[in-house]
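These are my notebook entries on a single protein chain. I set down what I looked up, entry by entry.

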Amino acid sequence: MAAAPQSETQPEVVDSIAPPQRGEFRLQTERVEKLAARLQSAGDPEIRATALDLVQSVVELHGAALQRLVDSLLKTPAGEQALSEALENDLVSSMLLLHNLHPDDIETRVLRGIEKARPYLKSHGGDVDLAGVRDGIVHLRLHGTCGSCPGSSITLKNAVEDALFEVAPDIVEIVSENAAASEQSGPQLVTIK
(Lines give C-alpha, C1' and ligand atoms only; values in the text may rest on other atoms or scores of the structure.)
Protein backbone atom coordinates (compact mmCIF):
# COMPACT_ATOMS: atom_id res chain seq x y z
CA MET A 1 0.00 0.00 0.00
CA ALA A 2 1.37 3.38 -0.98
CA ALA A 3 1.78 6.03 1.68
CA ALA A 4 -0.51 9.00 1.47
CA PRO A 5 1.20 11.96 -0.14
CA GLN A 6 2.38 14.55 2.31
CA SER A 7 1.28 18.08 1.89
CA GLU A 8 4.02 20.20 0.43
CA THR A 9 2.79 23.27 2.21
CA GLN A 10 4.25 23.80 5.62
CA PRO A 11 2.55 25.90 8.26
CA GLU A 12 3.75 29.46 8.13
CA VAL A 13 6.09 30.29 10.97
CA VAL A 14 5.35 33.71 12.27
CA ASP A 15 7.93 35.50 14.33
CA SER A 16 6.50 36.60 17.58
CA ILE A 17 7.82 38.33 20.61
CA ALA A 18 6.59 36.93 23.88
CA PRO A 19 5.42 39.32 26.57
CA PRO A 20 7.71 39.77 29.56
CA GLN A 21 7.29 36.94 32.04
CA ARG A 22 6.68 37.22 35.75
CA GLY A 23 10.08 36.92 37.35
CA GLU A 24 11.57 34.68 39.96
CA PHE A 25 11.67 37.41 42.62
CA ARG A 26 7.97 38.17 42.32
CA LEU A 27 7.02 34.49 42.46
CA GLN A 28 9.25 33.91 45.50
CA THR A 29 7.91 37.04 47.20
CA GLU A 30 4.36 35.76 46.78
CA ARG A 31 5.43 32.44 48.31
CA VAL A 32 7.12 34.20 51.26
CA GLU A 33 4.00 36.29 51.86
CA LYS A 34 1.84 33.14 51.98
CA LEU A 35 4.23 31.46 54.41
CA ALA A 36 4.35 34.58 56.61
CA ALA A 37 0.55 34.63 56.69
CA ARG A 38 0.56 31.00 57.81
CA LEU A 39 3.03 31.88 60.56
CA GLN A 40 0.81 34.75 61.70
CA SER A 41 -2.06 32.32 62.13
CA ALA A 42 -0.04 29.77 64.12
CA GLY A 43 -1.82 28.84 67.33
CA ASP A 44 1.13 28.91 69.72
CA PRO A 45 2.25 32.54 70.22
CA GLU A 46 5.75 31.51 71.38
CA ILE A 47 6.37 29.38 68.29
CA ARG A 48 4.95 32.15 66.07
CA ALA A 49 7.23 34.76 67.67
CA THR A 50 10.28 32.49 67.39
CA ALA A 51 9.58 31.72 63.73
CA LEU A 52 9.06 35.38 62.84
CA ASP A 53 12.25 36.31 64.74
CA LEU A 54 14.13 33.62 62.78
CA VAL A 55 12.87 35.02 59.46
CA GLN A 56 13.79 38.57 60.49
CA SER A 57 17.28 37.46 61.55
CA VAL A 58 17.90 35.71 58.23
CA VAL A 59 16.71 38.78 56.27
CA GLU A 60 18.98 41.05 58.32
CA LEU A 61 21.94 38.70 57.82
CA HIS A 62 21.41 38.71 54.04
CA GLY A 63 21.05 42.50 54.04
CA ALA A 64 24.29 42.97 55.97
CA ALA A 65 26.17 40.63 53.62
CA LEU A 66 24.77 42.37 50.54
CA GLN A 67 25.72 45.78 51.98
CA ARG A 68 29.33 44.62 52.40
CA LEU A 69 29.35 43.19 48.88
CA VAL A 70 28.04 46.43 47.34
CA ASP A 71 30.46 48.55 49.41
CA SER A 72 33.35 46.36 48.26
CA LEU A 73 32.31 46.53 44.61
CA LEU A 74 31.96 50.31 44.63
CA LYS A 75 35.62 50.73 45.67
CA THR A 76 36.99 50.18 42.16
CA PRO A 77 35.87 50.96 38.59
CA ALA A 78 36.01 47.23 37.79
CA GLY A 79 33.79 46.56 40.81
CA GLU A 80 31.32 49.25 39.74
CA GLN A 81 31.18 47.63 36.30
CA ALA A 82 30.57 44.21 37.86
CA LEU A 83 27.75 45.65 39.99
CA SER A 84 26.23 47.33 36.95
CA GLU A 85 26.27 44.02 35.06
CA ALA A 86 24.81 42.18 38.06
CA LEU A 87 21.92 44.68 38.19
CA GLU A 88 20.86 43.50 34.72
CA ASN A 89 19.66 40.35 36.47
CA ASP A 90 16.15 40.99 37.79
CA LEU A 91 16.60 38.73 40.83
CA VAL A 92 19.82 40.50 41.92
CA SER A 93 18.27 43.89 41.25
CA SER A 94 15.14 43.04 43.26
CA MET A 95 17.15 41.70 46.21
CA LEU A 96 19.18 44.91 46.38
CA LEU A 97 15.96 46.90 46.21
CA LEU A 98 14.44 44.80 49.01
CA HIS A 99 17.40 45.71 51.23
CA ASN A 100 17.34 49.36 50.13
CA LEU A 101 20.74 48.96 48.45
CA HIS A 102 19.75 49.53 44.82
CA PRO A 103 21.78 52.39 43.33
CA ASP A 104 19.16 53.38 40.69
CA ASP A 105 16.12 55.53 41.46
CA ILE A 106 12.59 54.40 40.56
CA GLU A 107 12.47 56.44 37.32
CA THR A 108 15.66 54.81 36.01
CA ARG A 109 14.29 51.36 36.82
CA VAL A 110 10.91 52.17 35.20
CA LEU A 111 12.70 53.29 32.02
CA ARG A 112 14.56 49.96 32.04
CA GLY A 113 11.23 48.12 32.36
CA ILE A 114 9.73 50.07 29.46
CA GLU A 115 12.70 49.10 27.29
CA LYS A 116 12.07 45.44 28.15
CA ALA A 117 8.37 45.69 27.24
CA ARG A 118 8.87 47.85 24.13
CA PRO A 119 9.73 45.05 21.64
CA TYR A 120 6.53 43.21 22.57
CA LEU A 121 4.41 46.37 22.29
CA LYS A 122 5.98 47.30 18.94
CA SER A 123 5.31 43.79 17.63
CA HIS A 124 1.62 44.62 18.21
CA GLY A 125 1.82 48.09 16.63
CA GLY A 126 2.05 50.00 19.88
CA ASP A 127 4.50 51.85 22.03
CA VAL A 128 4.71 53.56 25.39
CA ASP A 129 6.56 56.57 26.81
CA LEU A 130 7.15 57.57 30.39
CA ALA A 131 5.36 60.83 31.21
CA GLY A 132 6.71 60.95 34.75
CA VAL A 133 6.98 59.38 38.19
CA ARG A 134 5.64 61.19 41.25
CA ASP A 135 5.33 59.69 44.73
CA GLY A 136 5.65 56.16 43.37
CA ILE A 137 2.88 56.71 40.80
CA VAL A 138 4.05 56.04 37.23
CA HIS A 139 2.40 58.03 34.41
CA LEU A 140 2.61 56.50 30.92
CA ARG A 141 1.59 57.68 27.43
CA LEU A 142 0.37 54.94 25.08
CA HIS A 143 0.80 55.16 21.33
CA GLY A 144 -0.51 53.20 18.36
CA THR A 145 -2.71 50.20 18.99
CA CYS A 146 -1.75 50.21 22.67
CA GLY A 147 -3.70 53.42 23.08
CA SER A 148 -6.59 52.83 20.72
CA CYS A 149 -7.47 49.13 20.64
CA PRO A 150 -10.15 47.83 23.04
CA GLY A 151 -7.70 45.30 24.42
CA SER A 152 -5.21 47.95 25.48
CA SER A 153 -5.76 47.23 29.16
CA ILE A 154 -4.92 43.56 28.52
CA THR A 155 -1.80 44.57 26.64
CA LEU A 156 -0.86 46.81 29.54
CA LYS A 157 -1.52 44.11 32.10
CA ASN A 158 0.44 41.45 30.27
CA ALA A 159 3.37 43.49 29.05
CA VAL A 160 3.90 46.84 30.69
CA GLU A 161 2.65 46.00 34.18
CA ASP A 162 4.72 42.85 34.54
CA ALA A 163 7.82 44.50 33.11
CA LEU A 164 7.53 47.57 35.34
CA PHE A 165 6.64 45.78 38.56
CA GLU A 166 9.49 43.36 37.92
CA VAL A 167 12.12 46.11 37.88
CA ALA A 168 10.35 48.45 40.30
CA PRO A 169 8.19 46.54 42.79
CA ASP A 170 7.99 49.74 44.83
CA ILE A 171 5.61 51.29 42.27
CA VAL A 172 2.42 52.43 44.01
CA GLU A 173 0.27 52.76 40.89
CA ILE A 174 0.53 52.92 37.10
CA VAL A 175 -1.63 55.48 35.29
CA SER A 176 -1.62 55.55 31.51
CA GLU A 177 -3.22 57.81 28.96
CA ASN A 178 -3.99 57.29 25.29
CA ALA A 179 -1.64 59.75 23.57
CA ALA A 180 -3.80 60.14 20.42
CA ALA A 181 -7.05 60.55 22.35
CA SER A 182 -5.58 63.02 24.81
CA GLU A 183 -4.46 65.24 21.92
CA GLN A 184 -8.07 65.34 20.66
CA SER A 185 -10.19 65.40 23.79
CA GLY A 186 -7.93 65.58 26.83
CA PRO A 187 -6.38 62.71 28.79
CA GLN A 188 -8.16 59.35 29.04
CA LEU A 189 -6.63 57.56 31.98
CA VAL A 190 -6.35 53.86 32.64
CA THR A 191 -5.22 52.86 36.12
CA ILE A 192 -3.30 49.66 36.73
CA LYS A 193 -2.78 48.48 40.27
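**Entry 1: overall content**

How many helices and strands make up the secondary structure of the chain? I counted eight helices and four strands. I note at the outset that this is a predicted model. Reading from the N terminus, I recorded the order α-α-α-α-α-β-β-α-α-β-α-β.

I then looked up the totals. The chain has 193 residues, and 33% of them are buried. Its exposed surface comes to about 12600 Å², with carbon and sulfur atoms supplying 55%. Of the contacts between residues at least 6 apart in sequence, 53% join residues at least 24 apart.

**Entry 2: the strands**

**Entry 3: helix H2**

I next examined H2, which covers residues 45–73 and has 29 residues. From its first C-alpha to its last, H2 reaches 42 Å, close to the 42 Å expected at 1.5 Å a residue. At the start of H2, a side-chain oxygen of aspartate 44 comes to within 2.9 Å of the backbone nitrogen of glutamate 46.

Which residues of H2 are buried? I listed Ala51, Gly63, Leu66 and Val70. The buried residues of H2 pack against helix H1 (24–40), helix H3 (77–86) and H4.

**Entry 4: nonpolar cores**

I looked up the largest nonpolar core and found that it has 19 residues. Those with the most contacts inside it are Val110, Val138, Leu140, Leu164 and Ile171. The elements giving two or more residues to this core are H5, E1, E2 and helix H7 (152–167). Apart from it lies another core, of six residues, and I noted Leu66, Val70, Leu87 and Leu101 among them.

I then followed leucine 164 individually. Leaving aside residues up to four places away in sequence, leucine 164 touches Val110, Gly113, Ile114, Val138, Leu140, Ile171 and Ile174.

**Entry 5: serine 93**

Is serine 93 buried or exposed? Serine 93 lies in helix H4, and it counts as buried because its relative accessibility is 5%, under the 20% limit. Not counting residues up to four places away in sequence, serine 93 touches Leu87 and His102.

**Entry 6: aspartate 105**

Finally, I located aspartate 105 in the loop between helix H4 (90–98) and helix H5 (106–123). Its relative accessibility is 46%, so aspartate 105 counts as partly exposed. The side chains of aspartate 105 and threonine 108 are joined by a polar contact of 2.6 Å. I also recorded that the C-alpha atoms of aspartate 105 and alanine 168 are separated by 9.2 Å, although these residues are 63 apart along the chain.

Note on methods:
Residues numbered from 1 in each chain as written. Predicted model: local features only at pLDDT ≥ 70, side-chain atom pairs only at ≥ 80, totals over all residues. Heavy atoms only, no water. Buried < 20%, exposed > 50% of the residue type's maximum accessible area, 1.4 Å probe, protein only. Contact = heavy atoms within 4.5 Å. Areas by Shrake-Rupley, 256 points an atom, 1.4 Å probe, with all protein chains shown as cover. Polar contact = N/O pair within 3.5 Å; in protein donor to acceptor, adjacent residues only side chain to side chain. Expected span 1.5 Å × (residues − 1). Core = buried A, V, L, I, M, F, W, Y, C linked by side-chain atoms within 4.5 Å.
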